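Grab a pencil and let's work through a few exercises together. Each one starts with a task, and the solution follows step by step.

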Amino acid sequence: MASLEQEIAEWRSFVGRGAAVDGHDVEELEAHLRDQIDELHAAGLDDEEAFLVAVKRMGRVDELSHEFAREHRGRLWKQLVLAEGPGADAGRDDEAATASRAWPEAVAFAVAAAVVVQIARLVAGVPQGAGDEGDTPTWLFRNLSLFVLPVLAAWFARRRALSHRVTVASAGAFAAAAVLVNVYPYDQESTTEVLVATHLPVALWFVVLVAYVGGAVGSHERRMGAVRFTGEWCIYYVLIALGGGVLMGLTLAVLEPTGADPDTLVAWVLPSGAAGAVVIAAWLVESKQRVVENMAPVLTLLFTPLFALMLVVAAGAYLLDGVGDFDRELVGVLDALMVVVLGLVLYGLSAREPSSRPGWMDRIQLVAVGATLVLDVLVLASMAGRIGDLGFTANRAAALGLNLVLLVNLAGAAWRSARFLRGHGTIHRLERWQTAYLPVFAAWAWVVVVVLPPAFAFS
């Protein structure tokens, strides 16, 4: 069995995922658990026996203990906690009933998001046929996330029964964003308007995550749960998008002989499907969590080595050729790559067993982080040269800030990963570093949305 502290940390991490348990509750429950363990130690039990019996005695988290046992069937949790019989059947029945009640509500919210997007499209006067995309008003693109993400946040607010304070704060954030991004006097073909349109979804996603964690933003366990949800949501959304794309293609092929206008069909179906899928993907994460949790280790196992290899090759090639002068397009590609790699590492970390010993996948992740860190330094060096020669622009300021934020995060992650692999630290310190850093990413996204446009005269 793993050490006592590792087992307690794993138990704490799992309990913290519960929707009705906030950070203060986790602290209190852990204190009770440790008190029970101390009493059992005094009675002569060893660490393993004391831990298992103490968890069995924790009546307040009995349901969570049953759930934990079901996910760790190879352990003594199965014998000590997972009691088959009427109680277990009732738990499964409750889960099935909850999922059954949740899907009509999720569909209703998905339809609401689709309707809002279609109303906005019609108000914007976007052509239903083969119109010129250049005629699309820029405000439609700028506000797309404001049409959908508040609906998703409202769905979570209902499911989590958010307090009045958290609900008002979340609604206020959406309202403030809606006002700011629409009263700013952007220039024609404004660069800052494009930055707002691309960064606003990120900023608002963090508001959605506040609703997802039930307002318990101070809980590291809940923040890691938010990371896990984001990764799983992305998986489901991509799967829905792929399936929807195939369905739309087949539909267009079937209807072609009828003379139906394909552009009209796409104009009505594509925006509605993309908006509704945002809520449906979240519902799938909530109701089919064990399915995607089984996928997470497989996806991490598959893609992390591939990305690590590609990053090492890219970093080596750029180092051999010299820093060079990265143009704006290449900087954008490299930044997107670094964000994807960081997301992959974060998702892999959220799916990792906290009590597991350092393995070869941890080493590969460190290689990926290290290579990404090298690329980030090269990008920053190139950007420093361009800014010195050509001065600041809104795009350069946004890219510089993002790369500095990534630099600090990657450096801290690499340091803690190396210590963990050498046996001088624990995986929990790396997790705490990443969860504590999430507000920094949120803050920078809001800076780009709120501060950069007026700072650069909305040009």
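Predicted model: local features only at pLDDT ≥ 70, side-chain atom pairs only at ≥ 80, totals over all residues.

Residues are numbered from 1 along each chain as its sequence is written, and side-chain values use heavy atoms, with hydrogens and water left out.

**Exercise 1.** Find out how the side chains of E105 and R158 meet, and classify R158 as buried or exposed.

*Solution.* Step one: E105 and R158 form a salt bridge at 2.3 Å, N to O (a side-chain nitrogen of Lys or Arg within 4 Å of a carboxyl oxygen of Asp or Glu). Step two: E105 sits in helix α6 and R158 in helix α7, 53 residues apart (helices are DSSP runs of H or I, at least four residues, numbered from the N terminus). Step three: R158 has a relative accessible area of 56%, so it's exposed. E105, at 22%, is partly exposed.

**Exercise 2.** Work out which helices the E193 and R142 pair ties together.

*Solution.* Start with the bridge: the E193 and R142 side chains meet at 2.3 Å, N to O. E193 belongs to helix α9 and R142 to helix α7, so parts 51 residues apart in sequence get tied together. Finally, both E193 and R142 are buried.

**Exercise 3.** Say where E189 is located and describe its phi.

*Solution.* First, E189 is in the loop between α8 and α9. Next, its phi is positive, about 55 degrees, although E189 isn't a glycine. Last, E189 counts as exposed because its relative accessibility is 77%.

Conventions
Helix = DSSP H or I, 4+ residues; strand = E, 2+ residues; numbered from the N terminus. Buried < 20%, exposed > 50% of the residue type's maximum accessible area, 1.4 Å probe, protein only.
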